[in-house]
Amino acid sequence: MEALILEISTRGLHRYETLEGEVTTVGRALDNDIILSDPTVAPHHLQIRHGADGSVELVNLAEVNPTRIDGNVINAQTIGQLPVELEFGRVRARLQARSEPVAPTRALAGKGNRGHLFGSPYWSAVLALLCLLGGALEFHATAYSSFNWSELIKHLLRDTVLVIGGLLLALSILERLLVNRWEIRQLLTSVCLVYLLYFTVSIVADGLDYLLSASWPGTLLYFSWYLVLIPAAIALYLVHISHLPRERSILLALLIASPIALPSILQSPQMQAMFDNFSHAAPYHSQLSYLNWHLRDSVSIDEFVDQAQRLQPGKAAD
């Protein structure tokens with residue numbers, strides 16, 4: 001008689017119990033063979049009978065939150081084929097044979113390979129420095145005033161360090177809750193890569209806005225960033241770094257990104273411009289590139305007023 005395995009789903013690593021006797025009881029009471037401490041589990045919830053001929057019979061013992069097999073409530077049922085999915089209250093389990101094949105082993109991200117992008121703290125540091133450099137370039141490109149170190153530091157702390165730190169903190173807490181461990185180095189690398197991707201694509205979108213004299217490339221990027229790119233990045237991390245199932249990772253990524261995406265999109269100037277003639281975005285945005293602000297020397301207010309006074313109606317300044 002081949003022994004059975006009861007796989008009990010827990011946060012992070014699952015719990016496995018070997019069923020070698022003819023009768024095994026499952027429940028919350030301490031006299032059970034397998035004890036489940038969840039309050040939704042009955043003191044004596046299920047009895048598993050394993051016959052010498054290999055037959056398996058499940059007998060429900062719970063009146064409250066009775067045992068379910070593949071979502072259906074049972075009283076007593078003989079199992080024709082393993083594995084089967086079980087529910088004890090809110091505890092999920094899987095009854096299977098010891099010979100049940102397991103999924104291939106997944107390699108740790110970068111462990112044992114210092115040259116791997118996710119395996120070395122030096123790569124994390126380099127990517128973090130690149131993010132700071134990107135934030136400094138963004139400040140230089142979009143600043144209306146002359147260069148100022150204090151304003152640059154404020155910009156980096158507010159728009160680079162705070163964004164990366166907030167995402168790192170939120171995702172690390174989420175990872176701890178999901179898989180009961182920390183992957184700070186891999187998480188920092190992933191967040192920095194996503195930040196650099198957004199920075200690069202933003203430059204391309206701004207250039208397309210300028211070349212096409214239209215705002216739709218930037219609007220498309222804005223919506224795609226929240227609706228597609230952020231969920232995709234989170235899902236890829238959960239699948240390839242945390243090694244969660246693909247379907248569960250996609251669902252979690254959508255749930256994680258939604259509280260950030262929905263308010264940001266609904267309150268964005270792009271969304272308001274779609275439903276209202278008024279827009280918070282300046283009307284010259286479609287024709288003026290931020291790169292032009294640094295192509296010519298700035299003039300003082302007095303010089304600007306003097307030039308305006310010399311203009312004739314219908315003629316532009318040289």
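Two aromatic rings, from Phe, Tyr or Trp, are called a pair when their centres lie within 6.5 Å, and a pair whose planes are over 60 degrees apart is called edge-to-face. Keep that in mind for the model on the screen, which is a predicted one.

By this rule the count comes to 3 aromatic pairs. Take Y222 and F223. Their ring centres are 6.1 Å apart, with 65° between the planes, and the pair is edge-to-face. Are these two residues buried or exposed? Both Y222 and F223 are buried.

Now Y222 and Y226. Here the ring centres are 5.3 Å apart and the planes stand at 65°, so this pair is edge-to-face as well. Y226 is buried, and so is Y222. Where in the chain do they sit? Both are in helix α4, residues 216–240, and they are 4 residues apart, about one turn of the helix. Put together, ring pairs join Y222, F223 and Y226 into a cluster.

Y226 comes up again in the core. The largest nonpolar core has 31 residues, and within it Y226 and L238 touch the most other members. Which elements supply two or more residues to this core? They are α1 (121–142), α2 (149–179), α3, α4 and α5 (246–266). The biggest contribution is from α4, with 9 residues. As background, nonpolar side chains in soluble globular proteins tend to be buried together.

Next, the surface. V204, L208, Y210, L211, L212, W216 and L220 make a nonpolar surface patch of about 720 Å². Two elements give two or more residues to the patch, namely α3 (184–212) and α4. The largest share is from α3, with 5 residues. W216, one of the patch residues, is in helix α4.

Last, the strands. Strands of a sheet pair through backbone hydrogen bonds, either parallel or antiparallel. In this model there is an open sheet of 5 strands, in the order β4-β3-β5-β6-β9, and the pairing is mixed.

Note on methods
Residues numbered from 1 in each chain as written. Predicted model: local features only at pLDDT ≥ 70, side-chain atom pairs only at ≥ 80, totals over all residues. Heavy atoms only, no water. Pairing = 2+ DSSP bridges. Phe/Tyr/Trp six-rings, centres within 6.5 Å; stacked < 30°, edge-to-face > 60°. Buried < 20%, exposed > 50% of the residue type's maximum accessible area, 1.4 Å probe, protein only. Patch = residues over 30% accessible without salt bridge, like charges linked within 9 Å, V, L, I, M, F, W, Y side chains within 5 Å. Areas by Shrake-Rupley, 256 points an atom, 1.4 Å probe, with all protein chains shown as cover. Salt bridge = Lys/Arg side-chain N within 4 Å of Asp/Glu carboxyl O. Core = buried A, V, L, I, M, F, W, Y, C linked by side-chain atoms within 4.5 Å.
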